[in-house]
Amino acid sequence: AWENSIGTSRIDIVYVSSSSNSNIIAEDITRAEANSYGHPTSAVAVGGTVTGTSYATASYNGSLKTFYKGNTGMIRLIWGESTRYQSISAWKYTAAHELGHALRYRGHNPNSGTLMYATFDPNNIIFTTPRTKDHDHMVLVY
């Protein structure tokens, strides 16, 4: 679904790899590893860019926003006591949300009915793909 939003035919995701040819690197880590990276103790996952980052500014939702541009994205799914019993749907939602960040979606969508909203109820997952407002944001980035 993100591929449709950004207009590319392929996203090259490499799971736990340092390959310079990949544009997204995904890994699962323990809470201890998350702490060593400086991720908040409340984080279920993190995503963003890791190399070649520069910035671009555009108007979104009536205000100027700064967006990431870069070569490689990163997703880390954090395995711990608070996440180990999440449903498959909750993990799909989380991974799709973090993939949005790895694709340069900076910040969060202010609309609660979007994939890129800041929080979600892991017991009430209705969708696991980007919504129209998520797509609109990615149009600005790409």
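**Core and pocket**

Biologist: Which residues make up the largest nonpolar core?
Modeller: In this predicted model, a core is a set of buried Ala, Val, Leu, Ile, Met, Phe, Trp, Tyr and Cys residues joined through side-chain atoms within 4.5 Å. The largest one has nine: Ile-24, Ala-26, Ile-75, Leu-99, Ala-102, Leu-103, Tyr-105, Met-116 and Met-138.

Biologist: Which elements each supply at least two residues of that core?
Modeller: Helices (H or I, at least four residues) and strands (E, at least two) are DSSP runs, numbered from the N terminus. Going by those, they're β2 (24-30) and α3.

Biologist: Which element gives the most to the lining of the largest pocket?
Modeller: Of the 23 lining residues, the closest to the pocket's centre are Ala-45, His-97, Glu-98, His-108 and Ala-118. (On a 1 Å grid over the protein atoms alone, a pocket is an open set of points where a 1.4 Å probe fits, with protein on both sides within 12 Å along at least five of seven lines; lining residues have an atom within 4 Å of a point.) β3 (45-51) and α3 each supply at least two, but the top contributor, with five residues, is α3.

Modeller: Residues are numbered from 1 along each chain as its sequence is written. Local features need pLDDT of at least 70 and side-chain atom pairs 80 or more, while totals for chains, interfaces and linings use all residues, and side-chain values use heavy atoms, without hydrogens or water.

Methods:
Buried < 20%, exposed > 50% of the residue type's maximum accessible area, 1.4 Å probe, protein only.
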